[in-house]
Amino acid sequence: MNKKQKKWLRRILIALALFFAVMAVDKLGVLTAVFGEPGALYASFVLYLVPYLIAGHDVLLKAWRNIRRGEAFDESFLMTVATIGAFAMVFFPDADPHMAEGAAVMLFYQVGELFQSYAVGKSRKSIAAMMDIAPDYANIERDGALVQVDPDEVRIGDVIVVKPGERVPIDGVVVEGASQLDTAALTGESVPRHVEEGAEVISGCINMTGVLRVRTTKLFGASTVSRILELVENASEKKAHTENFITRFARVYTPIVTLAALAIAIVPPLLGMGAWSDWILRGLTFLVVSCPCALVISVPLSFFGGIGGASKLGILVKGSNYLEALSEVDTVVFDKTGTLTNGTFNVVAIHAQDGVDPDYVLSMAAHAEAFSDHPIAVSVKEAYSGTIDQARIAQATEESGHGVSAKIDEHVVLVGNDRLMSAHGSNWHDCELTGTILHVAIDGSYVGHIVIADVVKDDAVQAISDLHAAGVERCVMLTGDREEVARAVAAKLGLDEYHAQLLPGDKVEQVERILDSARGNLAFVGDGINDAPVLTRADVGIAMGAMGSDAAIEAADIVLMDDKPSNIARAIRLARRTMRIVHQNIVFAIGVKVLILILAAFGIANMWLAVFGDVGVAVIAILNAMRAMNTRSIR
């Protein structure tokens with residue numbers, strides 16, 4: 001508990017102690033013996049008023065402030081009217097006293113409110129823990145000494161020093177040193193990650209063993225830790241349809257039940273159907289039961305718990321509306337490269353035409369791809385053992401979805417897929433190997449091709465199996481790769497269907513077609529900058545966060561910080577469990593309240609049962625909502 005909650009608890013405990021002391025004195029007849037029969041009633045009134053005011057003075061003040069602002073109809077107003085009315089029953093000569101019930105209603109209402117505050121605080125911890133990943137400083141070398149500077153002052157390309165026990169403040173690449181990184185706060189992965197020279201590191205991780213020198217690749221504002229903090233801070237602003245419905249429902253419901261309670265208290269006695277005191281008590285009981293706090297508290301808490309539970313697994317959900325949408329997903333569409341595969345391409349073969357040196361083919365391809373950062377281009381450049389001489393390259397143009405054309409040593413070099421070759425009239429031929437085929441033509445003459453293979457992620461097969469087990473009916477893969485490669489990957493993973501040789505625009509069209517045939521929501525999973533339009537178009541966009549592009553993460557609704565596709569099934573199971581808890585709370589709260597409201601209207605339910613109908617139902621609903629935070633059954 002925080003200091004505010006502890007102070008709140010002390011106040012409630014003092015009020016409870018006084019309440020039970022007064023009740024004991026009252027029941028033992030001490031007041032009657034001291035003050036006599038008439039005086040005991042008013043002495044009891046005063047004594048019960050003390051714990052009532054200690055416990056509920058803030059509720060009374062809040063109700064008064066809201067009335068002055070014209071916002072009367074909330075739970076504070078209902079509690080204030082009901083409890084003051086219970087105390088006022090002492091002034092009806094033919095009525096039984098109800099000060100004890102009035103004080104008890106306020107006391108137990110405050111107990112419920114404290115319980116809610118504690119539950120919300122507990123559910124915030126897993127999300128608030130994410131806020132602790134923000135670094136306070138960065139170490140940078142100046143004049144041979146380490147100086148601590150604000151992370152915002154570090155520029156791209158600066159070399160920072162991360163000592164053991166410190167957080168990596170900014171994304172970058174290790175230029176010196178080796179160490180183990182604790183990535184649990186970001187990815188939910190408990191096993192440390194080994195990094196050494198050349199390895200990429202992301203901000204927010206804790207350096208565990210050795211000293212690292214890291215060359216920054218981003219500014220602090222664009223680094224992983226900053227993006228995460230922004231997502232966390234904005235998550236509560238995007239409410240689910242169910243959450244918005246409950247808010248609207250409470251806004252309409254509260255004035256209706258207040259008018260209904262007033263009608264119960266006034267209309268029957270005016271019609272001569274009984275004593276005023278009896279019907280006023282029924283109306284007050286009706287007010288206590290009708291308080292909508294069980295719904296208003298438990299439904300947002302369930303969503304908040306679900307988002308907090310997801311963050312424990314390294315899954316960032318940008319709002320409860322996306323959690324709700326994810327629970328209704330029955331079709332998952334994947335991009336291939338970097339999502340189902342590692343995106344780390346390797347040259348596995350070079351097939352040159354007769355009389356052409358394979359090293360010459362690789363050299364020309366590497367020079368043509370010199371200015372490209374595409375994974376395939378990187379793999380070609382890494383495979384080339386020589387030095388790329390950029391002075392030889394007069395121009396280089398990327399043709400989206402096809403490849404590149406470049407002018408090297410006065411020769412026009414084409415490097416790309418079969419569409420690029422056909423578009424330029426080069427007679428290419430296919431390859432028997434499975435992989436990405438990079439055709440090479442020089443001055444219109446076909447000189448050979450390079451075979452590049454990508455590796456399927458370790459947990460990709462399990463991810464598809466888990467999705468089917470979770471109730472996802474259709475798993476689809478979209479790729480710009482060749483038909484043969486796509487077929488081989490789809491068969492290995494157990495996908496339901498695949499679509500190959502797609503340009504970025506084709507992916508959007510394909511998703512549109514799949515959306516038309518999907519019964520539930522469609523989730524798209526991608527990591528590249530060209531996936532951003534598809535992520536936006538899908539019902540739920542899921543981005544690979546650790547190594548994904550900024551554009552993909554910005555466009556997505558959910559971010560997987562550890563880049564593991566197996567976490568998609570976990571996210572869906574967690575979302576569905578959260579929605580089950582939400583629906584359980586709605587049905588339970590409304591069902592119990594309607595039953596007790598009917599009993600109260602007919603005079604069967606007393607004020608004590610009303611206390612259970614309000615506080616008891618709220619506490620049970622809160623306990624149920626807190627289950628959304630538990631991820632042990634989801635892992």
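**View 1. Ring pairs join Phe-19, Phe-20 and Tyr-48 into a cluster.** This is a predicted model, in which local features need pLDDT of at least 70, side-chain atom pairs count only at pLDDT 80 or more, and totals for chains, interfaces and linings use all residues. Residues are numbered from 1 along each chain as its sequence is written, and side-chain values use heavy atoms, with hydrogens and water left out. Four aromatic pairs are found in the whole structure (Phe, Tyr or six-membered Trp rings with centres within 6.5 Å; planes under 30 degrees apart are stacked, over 60 edge-to-face, the rest tilted). The ring centres of Phe-19 and Phe-20 are 5.3 Å apart and the planes stand at 70°, so this pair is edge-to-face. Phe-19 is buried at 1% relative accessible area, while Phe-20 is partly exposed at 46% (buried, under 20%; exposed, over 50%; partly exposed, in between; 1.4 Å probe, protein chains only).

**View 2. Phe-45 and Phe-87 form an edge-to-face pair.** The centres are 5.6 Å apart, with 85° between the planes. Phe-45 belongs to helix α2 (residues 30–68) and Phe-87 to helix α3 (residues 75–88), so the pair ties together parts 42 residues apart in sequence. Helices are DSSP runs (H or I, at least four residues), numbered from the N terminus. Both Phe-45 and Phe-87 are buried.

**View 3. Arg-282 lies over the face of Trp-279.** The distance to the ring centre is 3.9 Å. A charge counts as over a ring if NZ of Lys or CZ of Arg is within 6 Å of the ring centre and within 35 degrees of the ring normal.

Methods: Helices (H or I, at least four residues) and strands (E, at least two) are DSSP runs, numbered from the N terminus.
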